[in-house]
Amino acid sequence: MLIEDGRPIFQQIAERIESDIIDGTLAEESQVPSTNEFAAFYRINPATAAKGVNRLVDDGILYKQRGIGMFVSTGARTVLIQRRREQFFDQYVQPLSREARKLGIEPDELADMIRQGEHALQGGAQ
């Protein structure tokens, strides 16, 4: 995921941490790598890494324990999943529905198409 051209590095750091929380790599109440560890691993300025981490602190996803480090907040995974679901709806579902309407695809037919796509992803025949 990191590091892509065109998007701020601090944003990519924050998204990486969010993804690790969502997929369970970082459990709630577990310690997050330090900004210096992120900086060394990705070969970026520690201030850039700190900006991404601090964004998550500001959002309540992470919290600081002075002298110890950063930790994943209780409930962070639920908050992040809800936020991603809303983004998914805005970025994918609404445009898909608009395009389907333009093409005359009825909601039930669209749902069938989505099920066929899911089936294909699971290795089945369409």
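What covers the buried residues of α1? In this predicted model, the cover includes β1, α2, α3, β2, β3 and α4.

Helix α1 runs through residues 9–22. It has 14 residues and reaches 20 Å from its first C-alpha to its last, close to the 20 Å expected at 1.5 Å a residue. Its buried residues are Gln12, Ile13, Ala14, Glu15, Ile17, Glu18, Asp20, Ile21 and Ile22. After the helix comes Gly24, with a positive phi near 90°.

Next, the core. In soluble globular proteins, nonpolar side chains tend to be buried together. Here the largest nonpolar core has 20 residues. Ile17, Ile21, Val32, Phe38, Leu62 and Val72 have the most contacts inside it. At least two residues of this core come from each of α1, α2 (35–42), α3 (46–58), β3 and α4 (76–102). Helix α1 gives the largest share, five residues.

Now the sheet. Strands of a sheet pair through backbone hydrogen bonds, either parallel or antiparallel. This sheet is open, with three strands in the order β1-β3-β2 and antiparallel pairing. The edge strands, β1 (31–32) and β2 (62–65), each pair on one side only. Four bridges join β2 to β3 (residues 69–72) in the antiparallel sense. One of the residues paired here is Leu62, whose bridge partner in β3 is Val72. Leu62 and Val72 are also among the core residues with the most contacts.

Val32 links these parts of the picture. Leaving aside residues up to four places away in sequence, Val32 touches Ile17, Leu26, Phe38, Leu62, Met70, Phe71 and Val72.

Methods
Residues numbered from 1 in each chain as written. Predicted model: local features only at pLDDT ≥ 70, side-chain atom pairs only at ≥ 80, totals over all residues. Heavy atoms only, no water. Pairing = 2+ DSSP bridges. Core = buried A, V, L, I, M, F, W, Y, C linked by side-chain atoms within 4.5 Å. Buried < 20%, exposed > 50% of the residue type's maximum accessible area, 1.4 Å probe, protein only. Contact = heavy atoms within 4.5 Å. Expected span 1.5 Å × (residues − 1).
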